[in-house]
Amino acid sequence: VRSAFLHWSDLAPGKPINWKRQAQFNGEYGCLGDLGMHALHLPLRAGWTPRDVRAVLTDVFPERPDGKGGVVPCDTWDNAVLLGEVETDGYSFPLRVETKRVAPGETNTWTIEIDGTEGSIAYTSKQPKTLRWMEYELGKPQAWRVLDLGSESAYATITGAIFEFGFSDAVLQMWAAYLDELALGREGMSQPFHCATPEEAAATHRIFTAALESQRERTTVEIPW
């Protein structure tokens, strides 16, 4: 499984610093705290909690303009690549998570790719109408199939199916999910995919804290569950 949340906004070295890029205000997480939960939403909801993590964290621009004519340290991580091992149903598989604020050409791109022994499936917000999947058949070529989804969302909207679904639509879907869960409870929701939970948020902290230790020690760190 590969899951990522990427954007390029920090690629410009002249971009003035803000609170999110200074450890004294935002802690050491950097891009992990900024983008990481987005990349972990689906893996955690699927029950894919890694038992360990090996992290490679990168401070691409160690200093930035302060907006007042000077330069100050930019001491949080710009990019992160995490590799963990997930155990489920009697076997294990690698989970790769990427969160990057310096990813050329990416504008808040969310991606999930899942490879199996019988098929694969992939989705990215870079192509919001497109779902890709592949079914393996012995003796036949392996080729991706593509389905044009149109604007189909969990909660019905006035937007026609021939239009594209975007991040502004996703915000409205999140509001609808919150109100649905608030009014009817998690078990009574009209859609099965409930909002992120405090337990899932806590799980990201365990993973990110282990990632920081992994970077410091240059080693694989077990995650306490």
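**Exercise 1. The enclosed space**

Find the volume of the largest cavity and the residues that line it.

*Solution.* Step 1: the volume. The largest cavity has a volume of about 50 Å³. The model is predicted: local features need pLDDT of at least 70, side-chain atom pairs count only at pLDDT 80 or more, and totals for chains, interfaces and linings use all residues. Residues are numbered from 1 along each chain as its sequence is written, and side-chain values use heavy atoms, with hydrogens and water left out.

Step 2: the rule. On a 1 Å grid over the protein atoms alone, a cavity is a set of points where a 1.4 Å probe fits but cannot get out, and lining residues have an atom within 4 Å of a point. Points are joined across faces, edges and corners, and the volume is the space filled by probe spheres set on them. The count by this rule is one cavity of 30 Å³ or more.

Step 3: the lining. It consists of P50, D52, V53, L82, L83, G84, L95, V97 and I207.

Step 4: the elements. Helices (H or I, at least four residues) and strands (E, at least two) are DSSP runs, numbered from the N terminus. Strands β2, β5 and β6 each supply at least two lining residues. β5 gives the largest share, three residues.

**Exercise 2. The open space**

State the volume of the largest pocket and name the residues closest to its centre.

*Solution.* Step 1: the rule. A pocket is an open set of grid points with protein on both sides within 12 Å along at least five of seven lines.

Step 2: the volume. The largest pocket has about 1,600 Å³.

Step 3: the lining. It has 38 residues, and W110, F165, A170, M174 and F193 are the closest to the centre. The elements that give two or more residues are α2, β8 and α3 (167–184).

**Exercise 3. The nonpolar core**

Which residues of the largest nonpolar core touch the most other members?

*Solution.* Step 1: the terms. A nonpolar core is a set of buried Ala, Val, Leu, Ile, Met, Phe, Trp, Tyr and Cys residues joined through side-chain atoms within 4.5 Å. Buried means under 20% relative accessible area, exposed over 50%, and partly exposed in between (1.4 Å probe, protein chains only).

Step 2: the members. The core has 30 residues, and L32, L57, L82, I207 and F208 touch the most others. At least two residues each come from α2, β2, β5 (79–88), β6, β7 and α4 (198–217).

Step 3: the contacts of L57. Contact means heavy atoms within 4.5 Å. Neighbours within four places in sequence aside, L57 contacts L32, W77, N79, A80, L82, A211, L212 and Q215.

Step 4: L40 in helix α2. L40 is buried, at 2% relative accessible area. With the neighbours within four places in sequence left aside, L40 contacts V97, T204, I207 and F208. L40 and E98 are 58 residues apart in sequence, yet 9.5 Å apart in space, C-alpha to C-alpha.

**Exercise 4. Aromatic rings**

Classify the ring pairs W48–F93 and W110–Y123.

*Solution.* Step 1: the rule. Rings of Phe, Tyr and Trp (its six-membered ring) pair if their centres lie within 6.5 Å; planes under 30 degrees apart count as stacked, over 60 as edge-to-face and the rest as tilted. The structure holds four aromatic pairs.

Step 2: W48 and F93. Their centres are 5.7 Å apart and their planes at 85 degrees, so the pair is edge-to-face. W48 lies in the loop between α2 (31–45) and β2 (52–58) and F93 in strand β6 (residues 91–100), so the pair ties together parts 45 residues apart in sequence. Both W48 and F93 are buried.

Step 3: W110 and Y123. Centres 6.1 Å apart and planes at 50 degrees make this pair tilted. The pair links W110 in strand β7 (residues 109–115) to Y123 in strand β8 (residues 119–124), 13 residues apart. W110 is buried at 17% relative accessible area; Y123 is partly exposed at 21%.

Step 4: the cluster. Ring pairs link W48, Y91 and F93.

**Exercise 5. Charges over rings**

Which rings have R45 and R132 over their faces?

*Solution.* Step 1: the rule. A charge sits over a ring if NZ of Lys or CZ of Arg is within 6 Å of the ring centre and within 35 degrees of the ring normal.

Step 2: the rings. R45 lies over F193, at 4.7 Å from the ring centre. R132 lies over W144, at 4.4 Å from the ring centre.
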